[in-house]
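Thanks, everyone. Please have the structure up on your screens. I'll keep this quick.

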Amino acid sequence: MIPYSKQHICEDDIAAVVDVLRSTHLTQGAKVTEFEQAIAHHVEAKHAIATNSGTSALHIACLALGVSRGDYVWTSPISFVASSNCALYCGAHVDFVDVEPHSGNMDMEELARKLAQAKLDNCLPKVIIVVHLCGAPCDLAKLAKLAQQYNFKVIEDACHALGASYENSPIGKCDYSDITVFSFHAVKNLTTAEGGMALTQSAELASTMRLLASHGITKDPERFVEQSVGDWYHEQQLLGFNYRMSDIHAALGLSQLNKFGEMQHQRADAVEYYQASLQGICTWLEANDNSTSANHLFVIQVPKEQRKTLFDKLRENNIWVQLHYMNIASQPYYRELGFNNYDYPIANQASDCGISLPVFADINKAEQDKVINIIKENLCS
């Protein structure tokens, strides 16, 4: 079987995990801090908070920015449901902004129109969560101008985008946002099996997120409200969560980071091969000119009436293609909240016409050729 994506694990990764298993700390040891510092250095961020998932990181990012009951949070309808669920966890109202046809990312012109109307209606968002779909950054400069004009905070859902850049600056640096979130799920470009991370340039936001990720408890004497009475003393200062990453997961992440550059080059080569081979056969989602994609996914667009036949044919041949993503507004839970997927026509088109082709670090040309030949046989006949 050729999956749409998979982890790339080598003996060095296994040895790194085994070392932790043989150590005195499986969790809350030095490896998590080391991993946080390594990722922060990689993307030029000042602060990094490791979590047990990208979803957890999105949740504490919303809470740290003060999202609460009655607030409005907007995001993209073409994403995994965590991009919007995280705001619902906080009691906020969620809404969506339609996407660009060529990238699948939030359309900044549509965002500007919607913000102008929201100002008239007195329901401006407190936070906007932009999604870097497939690893391709959205137009962050335009977003930042709108954030300044309408006074909202920005979270970058960069769960696909470790390794991407915008205007020659690494995603994760937070040049145009308050917080950036990564995921290290098994199929991501760098994996910790399960895991996530929130990055920021703000010491205050970082401190709040670190508390939220560990039950709201601190053991830092400089943060104590009351005077410490002994080395055992600690304080719960917020209602937090058990969102911590373990040292086992962090050790895998550190090992993966050692070969991350090589894995990224392999992904880029695979995407370039698809593009060269499928030119004129179909279109695909792609990055804007001012950014470089992390190439987490390669999503082709085919006519709606041909999509299911091609999808089924690929799977019949043990090519486990996938769809990224169904329009969130079309999900039964969100329809119960009053959403209508037809309010987002470009997102509907992306959902109706997309197929995610296999892309992973060690995919070979023979595997890609098998995919390409089936696509050509079905779309060119």
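Start with an open sheet of three strands, in the order 8-7-14, with antiparallel pairing. Keep in mind that this is a predicted model. Strand 8, residues 169-170, and strand 14, residues 291-292, are the edges. Each has a single partner strand, so one side of each is left without a neighbour in the sheet. Now look at strand 7, residues 165-166. Two bridges join strand 7 to strand 8, and the two run antiparallel. In that pairing, S165 stands opposite P170 of strand 8.

Next, the aromatics. How many aromatic pairs turn up in a search of the whole structure? The search finds 11. Take F241 and Y243: the ring centres are 5.0 Å apart and the planes are at 10°. Stacked pairs need planes under 30 degrees apart, so this pair counts as stacked. Are the two partners buried or exposed? F241 has 26% relative accessibility, so F241 counts as partly exposed. Y243 has a relative accessible area of 16% and is buried.

Another pair is Y334 with F339. This one is tilted, with 5.9 Å from centre to centre and 55° between the planes. Y334 and F339 are both buried. They also belong to a cluster: ring pairs link F96, Y333, Y334, F339 and Y344.

Last, charges over rings. Which ring does the charged end of K114 sit over? The ring of W74, 5.5 Å from its centre. K365 places its charged end over the ring of Y273, 5.0 Å from the centre of that ring.

That's it from me. Over to you.

Methods. Residues are numbered from 1 along each chain as its sequence is written. This is a predicted model: local features need pLDDT of at least 70, side-chain atom pairs count only at pLDDT 80 or more; totals for chains, interfaces and linings use all residues. Side-chain values use heavy atoms; hydrogens and water are left out. Two strands pair if DSSP finds at least two bridges between them. Helices (H or I, at least four residues) and strands (E, at least two) are DSSP runs, numbered from the N terminus. Rings of Phe, Tyr and Trp (its six-membered ring) pair if their centres lie within 6.5 Å; planes under 30 degrees apart count as stacked, over 60 as edge-to-face and the rest as tilted. Buried means under 20% relative accessible area, exposed over 50%, partly exposed in between (1.4 Å probe, protein chains only). A charge sits over a ring if NZ of Lys or CZ of Arg is within 6 Å of the ring centre and within 35 degrees of the ring normal.
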